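Subject: Structure handover

Hello,

Here is the structure I said I would pass on. My notes on it follow below.

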Amino acid sequence: RNEHFVCPEDLFGRITKQASETASCVTLTGLGGIGKSQLALEFAHRTAAEWPETWAFWVYAETLEDVEEGFRRIAEYIKLPAQNLPWGDLYQLVCDWLYDEQNGPWILILDGADDPSVLYKISEITNVLKFKRRPLTSLYLLKSLRPNSSIIVTTRNKDLAIAINRDQKNIIEVGPMPVVEATSLFRKIAGPKFRPALDMNAAIRLVKGLGLIPLAITQAALYIDKYLPKSITLVKYLEELEENTMEKFRLLQFDANSIGVGRNSTSILDTLQTSFDFVRSQRPSAANLLSLMSFFDRRGIPKWLLVSDIRGSNTPRANSPSIMGRLELDDNDGDTNNDSTDTFDGDIDILMNHYLIGANRTRDIFEMHGLVQLAAQKSLSDAEERAYCDQFIHRLAAEFPSSPLGNWSTCQELFAHVQTAAQYPPSVDASEDWATLLYNGGRYARLLGDYETAKQMSDRVSNVRQVMEKEGGQRGGDMRRLENSSLTALILMDQGVYDEAERLFAQVTDAFKIMEAKLGEGHPQTLTNMSNLASMYRIRGALQKAEELQVKAMNVRDIKFGREHPDTLTSMNGLASIFRAQNRLWEAEELQVQVVELRGTKLGPNHP
């Protein structure tokens, strides 16, 4: 029995209520490590304490061999003459004993029944419907149920739970622990190393970071109790854990074998790996999809991005056909699969069925538990990890808008994933897409007013482009490097670092002027930097120089692109700001009204 058992009383009360009904079969279902076996074990112990005359039997149901071993142990315990009986005869002999009311009340726990084929094989033993798969509701074991008896099945397979249980109220989904109970579990196991006055907030942060999964919390508490020196506080250790990926893996791979359930208790990562292996054995394309999804931000993963066609295309998502149903490591040319939508939906079904991902009601936005995401990445080889990460970056770079104007909602939807991509060091093959993605993400972050994130992205782009330039793998490198320098100057200007911003603006503008012979007069980037430098002069009070530059940029843009073009409107808005600084308020108002009206016509009245 687990002396550290903690559970919300409403959940345990529901299990007790359903299992206490006449001839009940209760199915506990949920993610691996969520505490299903612990709940079943505690129920068995409490039942035995309250009604000592009740038999309690435990059968591991991961494989048919496990089930046979469990039934032989039952037969031996209740002294049935079954020593040399074939498995089929043994199974029916035990079931008949269970059905006999003279033998008293009993509970039977089938633990880890994740593979439907195991129970289907059991159901075929009676040779009824010999040549057809029998429905699990006709399982001979279930026919052994009678008053004062109950079966509890624990499974990670939601479809299997439904197949077993005719009564949906007897299917109990076990989710993450409430924070109070999760913190209490950690405190009980950590023992004297937990100091409530100092460690309570840190403990809450830790259990939340572990996704409120009981097995992970138990592991963490046992690991900390065993390895954390008394001189290091929990707060200090948490800081190290958040910065040190290897330490996080050591903690999550720690074998919490002292919790007492299972022949070989394993770590949360190993437990989740078992689920991944089963999914891969049943449907490899679903395992591939999970591997790809593990590189996204764990929340808000859009279906359209998972199924969008990225082969040599940078078209907006509205024009991107959804044909990438089956995800592979390579990107072979060829005909698309007409059944790709069915394939994708089938992949999603099995991942949701095993609680590896969740979805909104319309199943077009997905999410993953943080530990599932971490374990999925950890399960990959180095080559697979690089390939799936590259595919994630390629997809995101192809779909994240190069300009937020007119694409604000798409930027909002994808920006968390851009921030996640920024944490992955790019491979040589993905460097260009990664730099482009972070440059566009930095532009959007700046418009949000998140200058710190924008500057971090801009700096990373600068660093990777320097590496690419040295290695000779960058086409159009000068142009892209200058574009990023211009973005950096804008961010510095927004942050009030005016001297550095003005110096960068001037350098970039001069560089583009030199390149005009090749680019052509009035190149958009030259005009952009003229406009930006004009804004810098306005802030520094050089209003005449600001006006001259902004008027020139506006006039050329008006001629080349038209009055309604976003770049022209940007120059008009900048010139209005200069007029306002010069106290030419009527001119400023007239120009600003034009900008508002034209932008409202182009973008709509509610655009940010």
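Predicted model: local features only at pLDDT ≥ 70, side-chain atom pairs only at ≥ 80, totals over all residues.

R386 is partly exposed, with a relative accessible area of 30%; partly exposed lies between buried, under 20%, and exposed, over 50%, using a 1.4 Å probe and protein chains only. R386 forms a salt bridge with D390, and their closest N and O atoms are 3.2 Å apart. A salt bridge here is a side-chain nitrogen of Lys or Arg within 4 Å of a carboxyl oxygen of Asp or Glu. D390 is buried, at 9% relative accessibility.

Residues are numbered from 1 along each chain as its sequence is written, and side-chain values use heavy atoms, without hydrogens and water.

The whole structure has 22 salt bridges. One of them joins K303 to D345, with the closest N and O atoms 3.6 Å apart. K303 is in helix α14 (residues 303–307) and D345 in helix α15 (residues 340–353), 42 residues apart.

Strand β4 (residues 149–155) has 7 of its 7 residues buried, so it is largely enclosed by the rest of the structure. β4 runs parallel to β1 (residues 24–29), joined by 6 bridges, and parallel to β3 (residues 106–111), joined by 5. Strands count as paired if DSSP finds at least two bridges between them.

Regards

How values were computed. Helix = DSSP H or I, 4+ residues; strand = E, 2+ residues; numbered from the N terminus.
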